[in-house]
Amino acid sequence: MQIKAGDDRLPIRCTLPRGGNPRGPGLDATDAGADTDRFRPTAMITVMTAPTVTASAAPPPAKKRFLRDAAAHVKDTDHRAFVRRALGGYYASRDAQKSRYRDWEHARDAASLAKWSAVNRLDELLPRFVEQFEANGGRVHWARDAEEARGIVLGLLRDAKAKAVIKSKCMTSEEIHLNAALEQSGYGVVESDLGEFIQQLRGEPPYHFVFPCMHVRRDEISDLFGKHLGTPPTDSPEELTMIARRHMRRLYVDADVGITGANFLVAETGQISITENEGNARLTAALPRVHIAISGIEKVVERLDDLAVLLPMLATAGAGQPMTCYNTLYSGPRRPGEADGPEEMHLVLLDNARTAILADPEQRDSLQCIRCGACLNVCPIFKNVGGFTYGTTYQGPIGSVITPHLRGLADWNHLSSASSLCGACTDACPVRIDIHHHLLHNRRNAARTAPNRWERLGHRMFVAVARRPWLFATGGAVFRRLLPLVKAVRPPLVRDWLATRDLPAAPGRSFRDQWRRRGPAVATGRAVEPRP
Amino acid sequence: MTPPAGDSAREVILARVREALRAPAEVPHALLHAAVGQPPGTDASRGSPVTAATPTLTILPEEAARPWLPDGGDTPEARLHLLVENLGKLRAVVQRVPTLDAATEYVFALARERDWQRVAWHRHPLVEPLLAGIPCGAHEVGTEGFDKSALEACDAGLTACECLVAQTGSILVSSRTCGGRALSILPHVHVVVATVDQVVGTLADALHAARDRHDGRLPSMLSFITGPSRTGDIERILVLGAHGPKELFVVLVG
């Protein structure tokens, strides 16, 4: 039910009834066309080399929507307080777990080293992984873009004569809008992760790519379950979890195909690693006859040993845990002598513009991302505008960095400004991605390839004025006198700024004038002494 | 380039990857001195890449991280102590018993106290003795196939494990030695039986032990279980027993 897509090939259709959608800005029909998830080689190349794209006169729909939703969300102080409270426990447990490290910063260096060396040797490690994985009995399918990936999964379901599909949390499948495609082709698909299940019933995409329903109150969940599952109301998170547990258990046993994501692909051994807490991914990969995993090509690490560093750090940074509850390595279907497991295992390896990020040496490290979500949890923008405002598969700072690559810089550059550049994200990143600088890099690239004519005109005018002292002084004098008028009239450009701020009173004289009158002695802070 | 028709997506993606990596990335400052050696085919005096950069590591990430990760204990006593402490924090129940007979008594008492109707098990020298006189039905998960619905109806699953990790309180199970994939995840309670000499220090030690044991042919599933199944999806409040076992008992023999 990834309905945020304005994907023309996939009319929105859900088999599950859509729940009320009180907080789903960015999901309405006007979004059509904003989100083109197809690989866009021309747009990508444009980013790097050819400064030919001209800015469109009207702001792109994605930007307009972002501004509208952000403004609405910021006013919802109850909701913001709720999200902050939910994150409060995370901060405490994350810090407690970090303190168990003998040095977290050095451990970050090592984790970053593992991912950096793998991403920079993807040409060598990716074929090695595939060779090992296929030697273990799995099958690899390559997908250049979202459409190809959806086609592959649908083909596999057809071959398996699938009747019931169970799915564990997989952000890559959100990225390719898989659920909508499956439902359109008549396959019932159930999200088994509790948060994703709640979001599926609500008809919303995840709010946060690690905590999908962190914005939903328990009474809303109780109502939702009452409506769809016919359960009596309760305000106990425990009881709500048990409702989902009971509902899901039969579905694992009955499903013929299980779809999962993958957190790491180990080149050395051909295993895929899946990190989770609930056990739903383990059940999804244990009981159905066919296991399909979907992963981006950048998830490769070289050695099994690398996981001894990355697994605990992913858990600590992402959820404040020593390890998540289940960290599982799969290397193919059931083997002779094993009690159970799927007969077939398939892995869909997705490019979908990842190679475009890879081609930019400056931002290549953003492929090191292990999707822990730590940067979202500390981001002042995320906490104030909320997850839906981004309108992206990957929210928050890392989403703001990679989405312009995945969907085109021209339409998504506004996310580069959805940052206070405080650098909290960069500090939080367990694999040391230089997140906030990449937002600046995207701003620069956008200025090169799709300059904003008004901004450019403004800069030119400033240069023209600043280079002529007399013009600067005259302009200043005029402006000081006009300031009260600006305050009273509130012209369009200033109005937004004034909405939340007070304009200070203009000083009587310019700084240069004051400087001249006080003299050099005052300026240097020394008392004037008479010359001998 | 024009890709061959047969497996074109593969060729196109790999070609894109090769092309993309022609421009070398700057080595991050923090990594430069510590761990990254000269890539093959570079000019050592200037450090500038002559061909495509394929940086090699002089220190492996695990080796670099080892002194800084959470402690795994230096002695068997320290490891055991850490393991018990970590499992406690994870809300698993640890029971140390002197002999396998005592373990059998403990499991018997559990089954009686909780009124288990049926427990699932697999053939293993540590698991089979536990079934002696167990006051309920037993469902064997064998390699000739079993009824998934019957397993789902079991109150508990009894399994062995590959090893236990002091550093994190994790239990490593495999599909080859621990009764397949479902036995340790589908029943509502998971009881693990292990000997104290199965305790290892760190996650890396556990991975090495598994590789040595299976001699390069790894089981189709290896899973680190770290506490009973849990979720925080509702208002970030911790609830145990999301989809996997609600309770985890670790019986340590020796």
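In what order do the six strands of the open sheet in chain B stand? The order is S5-S16-S11-S8-S6-S7, and the pairing is parallel; strands are said to pair if DSSP finds at least two bridges between them. Helices (H or I, at least four residues) and strands (E, at least two) are DSSP runs numbered from the N terminus.

The model is a predicted one, in which local features need pLDDT of at least 70, side-chain atom pairs count only at pLDDT 80 or more, and totals for chains, interfaces and linings use all residues. Residues are numbered from 1 along each chain as its sequence is written, while chains are lettered from A and ligands numbered from 1 in the order in which they are written.

Strand S5 (93-97) and strand S7 (137-140) of chain B form the edges of the sheet; each has a single partner strand, so one side of each lacks a neighbour in the sheet. On average, neighbouring strands of this sheet are turned by 20 degrees against each other, direction ignored. Axes here are lines fitted to C-alpha atoms, for helices over the stretch in contact, and angles run from 0 to 180 degrees between N-to-C directions. S5(B) is joined to strand S16 (residues 247-253) of chain B by five bridges, and the two run parallel. Within S16(B), B:Phe249 stands opposite B:Val93. Helix H5 (residues 100-113) of chain B lies across S5, strand S6 (118-121), strand S11 (189-195) and S16 of chain B, at about 160 degrees to S16(B).

Chain B as a whole contains seven helices and 16 strands. Of its 254 residues, 47% are buried, meaning that 20 or more other C-beta atoms, placed from the backbone, lie within 10 Å of the residue's own.

The two chains also meet. Residues are in contact if their C-beta atoms, placed from the backbone, lie within 7 Å; the contact takes 90 residues from chain A and 81 residues from chain B. On the side of chain A, helix H4 (residues 104-119) gives the most, with 10 residues. Strand S9 (residues 326-330) of chain A runs antiparallel to strand S13 (residues 221-225) of chain B, and five bridges join them. A:Leu329 stands opposite B:Leu222 in S13(B).

Confidence in chain A is expressed as pLDDT, the predictor's confidence in each residue, from 0 to 100. Chain A averages 87, and 86% of the residues score at least 70. Over residues 1-56 of chain A, however, pLDDT stays under 50.

Conventions:
Contact = placed C-beta atoms within 7 Å. Buried ≥ 20, exposed ≤ 12 C-beta atoms within 10 Å, placed from the backbone.
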